[in-house]
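Open the model in your viewer and keep the selection tool at hand. Each stop below tells you what to select and what is there.

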Amino acid sequence: MKVIKIEKDQIDDKLLSEAARLIQEGGLVAFPTETVYGLGANALDRQAAKKIYSAKGRPSDNPLIVHISRPKELEPLVKEISQAGKKLIEAYWPGPLTLIFPKSHLVPDETTGGLDTVAVRMPADPIANRLIELAGVPIAAPSANTSGRPSPTLAEHVMQDMDGRIDMLLDGGPVGIGVESTIVDVSGPTPVLLRPGAVTMEMLKAVAGAVETDQAVAGPVSGDIKPKAPGMKYRHYAPKAQLILVEEDPKAKESAADVINRLTREKLKQGYKVGIICTEETFSAYPEGMVKSLGLRSREETIAHNLFAVLREFDDLQADYIYSECFPQTHLGQAIMNRLSKAAGYHVIHTGKEEE
Ligand code: TXA
Ligand code: MG
């Protein structure tokens, strides 16, 4: 795998042209976006799309997001663009918002996992945007992690997962946002949120009016309920340790920190390695265990930014158990809690009524 360093504010077209040529020839190139690193291939090339699935070890029924560099590149890929779709594009493209449309014949089944809809996003990251423009084709790109691992927010994460499996990595440094794009299905009469992200529910409603939420966003999907984003059914972002979330009930006697400290002490006594995920505001409340802060509660974007890197750090430290604080489910907190809950396999302890 060839690694090329690119400066975001001083993009060298010569370097990017080499990456663009690889894409045109059916190769795989990992590149930064404002959300997480993506693993790119020509979205209109069946064989290239297939290569993505095998590099990630990803089930082939899990469709890919198609990335474009200009709004006009959307038209050939879709059958129609609803009013809600138009409004959301106008408000939030380029940016961390993926929209689902009925697909045109141009988009192969290999890219959409056999669905008759296609997910499209126009990234704001200047490296991603210029790469797509130079390639001259839409780029299919899932997050550039091995299937089941946290999404990569640093070039080093991509190296850990993809070295030897892809042709090139564009190293643009740490990403900005740190959680994957918001996904909204605008193929039906009312927009449906399929995956929360940095374009929040509040932001979607401000522009599109009514927005529904797919069941898979809130909790585990069981039995015969099919999530609309096939990817939501897999246990994503899973750290190797058992992750347990501790939700604080303000009326309970013990605080979240009290419960986490007590459980940590128990597990340490049994000889396990224990990690604790907290925030700057609460860091000093944890005397034992491997304690990591995600950032500032008062600035949730710092929490989103560090979340996946911290999960990977605990993998490297070979933690057996990780206890994490929770966050309010509003604004960016909805995306943060969605990723944390999935990583925990929805294992949550509520202070005051502890039954594991
Ligand atoms: O921020 C992002 O979206 C990153 C960067 C690289 O752009 N990409 C990303 O891709 O997160 P991936 O493949 O890790 O997640 C794509 C999600 C999956 O859950 C998939 O099931 C869903 O999008 N998806 C793709 N096409 C779909 C479709 N036609 N209908 C419903 N869900 C779809
Ligand atoms: Mg992914």
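Select Glu110 and Arg46. In this predicted model, their side chains meet in a salt bridge, at 2.9 Å from N to O. Glu110 sits in helix H4 (residues 109–112) and Arg46 in helix H2, so the bridge ties together parts that are 64 residues apart in sequence. Is Arg46 buried, partly exposed or exposed? Its relative accessibility is 44%, so Arg46 counts as partly exposed.

Next, pick Asp161 and Arg312. These two form a salt bridge as well, and their closest N and O atoms are 2.9 Å apart. Asp161 belongs to helix H6 and Arg312 to helix H10, so this pair joins parts that are 151 residues apart in sequence. Both residues are buried.

Stay with H10 and select Glu313, together with Lys292. Their salt bridge has its closest N and O atoms 3.0 Å apart. Glu313 lies in helix H10, while Lys292 lies in strand S14 (residues 290–293), so the link spans 21 residues of sequence. Glu313 has 33% relative accessibility and therefore counts as partly exposed.

One more group of charges: select Asp13, Arg70, Arg130 and Glu133. A network of salt bridges links these four. How many salt bridges does the structure hold? The count is 18.

**Helix H6**

Now select residues 155–162. This is helix H6, and its buried residues are Ala155, His157, Val158, Asp161 and Met162. Turn the view to look down the axis of H6. The buried residues fall within an arc of 155 degrees, so they line one face of the helix.

What covers those residues? The cover includes strand S2 (29–31), strand S3 (38–42), helix H2 (46–56), strand S8 (168–171) and helix H10 (300–316). Step just past the end of H6 to Gly164. Its phi is positive, at about 85 degrees.

**Two helix pairs**

Two packed helices are described by the angle between their axes and the distance between the axes. Keep both in mind here.

Select helix H1 (residues 13–24) and helix H5 (residues 126–135). Their axes come within 8 Å and cross at roughly 60 degrees. That angle makes H1 oblique to H5. The crossing is right-handed. To see the contact, show Asp13, Leu16, Ser17, Ala19, Ala20, Ile23 and Gln24 on H1. On the H5 side, show Ile127, Arg130, Leu131, Leu134 and Ala135. Asp13 and Arg130 were also members of the salt-bridge network.

Move on to helix H3 (residues 83–92) and helix H7 (residues 201–208). Here the axes come within 9 Å and cross at roughly 120 degrees. H3 is thus oblique to H7. H3 passes H7 in a right-handed crossing. Lys87, Leu88, Ala91 and Tyr92 make the contact from H3. Met203, Leu204, Val207 and Ala208 make it from H7.

**Met290**

Select Met290. You will find it in strand S14. With a relative accessible area of 23%, Met290 is partly exposed. Which residues does Met290 touch, leaving out those up to four places away in sequence? They are Lys273, Val274, Gly275, Ile276, Phe314, Leu317 and Ala319. Draw a distance from the C-alpha atom of Met290 to that of Lys273. The separation is 8.0 Å, for two residues 17 apart along the chain.

**Backbone stops**

Most residues other than glycine have a negative phi, and most peptide bonds are trans. The last stops depart from that pattern.

Select Trp93 and Pro94. The peptide bond from Trp93 to Pro94 is cis, with omega near -5 degrees. Pro94 lies in the loop between H3 and strand S5 (97–102).

Jump to His331. Its phi is positive, near 50 degrees, although the residue is not a glycine. His331 is in the loop between strand S15 (321–325) and helix H11 (332–343). At 45% relative accessibility, His331 counts as partly exposed.

Finish at Tyr346. What is the phi of Tyr346? The value is near 65 degrees, again positive in a residue other than glycine. Tyr346 lies in the loop between H11 and strand S16 (348–350). Its relative accessible area is 25%, so Tyr346 is partly exposed.

Note on methods. Residues numbered from 1 in each chain as written. Chains lettered and ligands numbered in written order. Predicted model: local features only at pLDDT ≥ 70, side-chain atom pairs only at ≥ 80, totals over all residues. Heavy atoms only, no water. Buried < 20%, exposed > 50% of the residue type's maximum accessible area, 1.4 Å probe, protein only. Helix = DSSP H or I, 4+ residues; strand = E, 2+ residues; numbered from the N terminus. Arc of directions from axis to C-beta. Contact = heavy atoms within 4.5 Å. Axes fitted to C-alpha atoms, helices over the stretch in contact; angles between N-to-C directions. Parallel < 35°, antiparallel > 145°, perpendicular 65-115°, else oblique. Left-handed = near helix turned anticlockwise from the far one by under 90°.
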